[in-house]
Amino acid sequence: MTDARPVRPPRLLPGDRVAVVAPSGPIVAERLDRGLDVLRGWDLDPVAAPHARGGHPSLGHLAVSDEERARDLQEAWCDPSVKAVFAARGGYGAQRMVDLLDWDALRAAAPKPLIGFSDVTVLHEAFAVRAGVSTLHGPAVAGEVFLKDDATRDHLRRTLFAPETVRTLAAPSARPLVPGRARGITLGGCLTMLATELGTPRARPGAAGGLLLLEDVGEPPYRIDRSLTQLLRSGWLDGVAGIVLGSWARCGPYDRVREVLVDRLAGLGVPVAEEFGFGHGDSALTVPLGLPAELDATAGTLTFDVPATG
């Protein structure tokens, strides 16, 4: 486990070569092609990883084997000609391959933006803890929201090319669940993936001192309760500085979800902002992970000390 201060990757420049990998579930080829076209429209040179279009021979929820998914990610990250690595989609599978990666080689390679969300939370945590690199909780390039929503694409593009223009994040829907301000290092992502990381090799020991991002999809309120309770009972939330809540798409009526969030999180006594506009919703902000920031839950803003990319 690295104790180094997270390193920011360089910003992208026109003409940069970037890789799209499938670390989790299988990809719809037509969506991948459309996502690659968007990246070409940004004047990038995108390449799909060798196994990105494949499928697992027996487990339909996986994009090819664990070893092949790990190899694609490692080769993309360690290739000096590749300046960023995009996840094509989430789904499930990153937990199965993350320990197959050669972390000595990944640490030795130059840092670059890693973009994804949902199941990619496992990789965000691993790159933070094992490699000391900040990453981007952002849309998947073969995902429906990235392909259909201009605001989602524009926010990711600015984060990659002109990060000084998006140092303060705000969403029209954001409001305080618990008002107040807090400072810390951003971390987190998908609630379910954070809960299932507990007890695994090299997992982060806890969120102490951090600004924790939480969101999820397709989890009814009782299962959100279960995951939050697991984090609470394990002590993982002890000392957290503040919490930023994103979307809870297909998790049931939001008033019921909100009741669980209030019940489980308000007692921590730290600022909590809700409906912050990242995650699985119809439009999604890109949020840097591993960087110092200030949360103003009352105003609904998250302001970073430095731009997401250098």
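Is Arg175 buried, partly exposed or exposed? In this predicted model, Arg175 is partly exposed, because its relative accessible area is 35%. The residue also takes part in a salt bridge. Its partner is Glu274, and the closest N and O atoms of the pair are 3.1 Å apart. Arg175 belongs to strand 7 (residues 175-178) and Glu274 to strand 11 (residues 272-274), so the bridge ties together parts that are 99 residues apart in sequence. Glu274 has a relative accessibility of 0% and therefore counts as buried.

A second bridge links Arg183 and Asp305. Their side chains meet at 2.6 Å, N to O. Arg183 sits in strand 8 (residues 181-190), whereas Asp305 lies in the segment after strand 14 (301-304), so this pair ties together parts that are 122 residues apart in sequence. Salt bridges with shared partners also join Arg175, Arg258, Glu274 and Glu275 into one network. Accessibility was computed for both members of the Arg183 pair. Arg183 is partly exposed, at 44% relative accessibility. Asp305 is also partly exposed, with a relative accessible area of 34%.

Across the whole structure, the search finds 22 salt bridges. One of them pairs Glu164 with Arg11, with the closest N and O atoms 2.9 Å apart. Glu164 is in the loop between helix 7 (150-161) and strand 6 (168-170), and Arg11 is in the segment before strand 1 (17-21); the pair therefore ties together parts that are 153 residues apart in sequence. Glu164 is partly exposed, at 43% relative accessibility. Arg11 is partly exposed as well, with a relative accessible area of 28%.

The nonpolar interior was examined next. In soluble globular proteins, nonpolar side chains tend to be buried together. Here, the largest nonpolar core holds 53 residues. Within this core, Leu39, Trp42, Phe86, Leu123, Phe127 and Leu160 touch the most other members. Phe86 illustrates the contacts. With neighbours within four places in sequence left aside, Phe86 is in contact with Val18, Ala19, Val20 and Val21, among others. Another core lies apart from the largest one and has 25 residues. Among its members are Leu212, Leu237, Val240 and Val257.

Technical notes:
Residues are numbered from 1 along each chain as its sequence is written. This is a predicted model: local features need pLDDT of at least 70, side-chain atom pairs count only at pLDDT 80 or more; totals for chains, interfaces and linings use all residues. Side-chain values use heavy atoms; hydrogens and water are left out. A salt bridge is a side-chain nitrogen of Lys or Arg within 4 Å of a carboxyl oxygen of Asp or Glu. Helices (H or I, at least four residues) and strands (E, at least two) are DSSP runs, numbered from the N terminus. Buried means under 20% relative accessible area, exposed over 50%, partly exposed in between (1.4 Å probe, protein chains only). A nonpolar core is a set of buried Ala, Val, Leu, Ile, Met, Phe, Trp, Tyr and Cys residues joined through side-chain atoms within 4.5 Å. Contact means heavy atoms within 4.5 Å.
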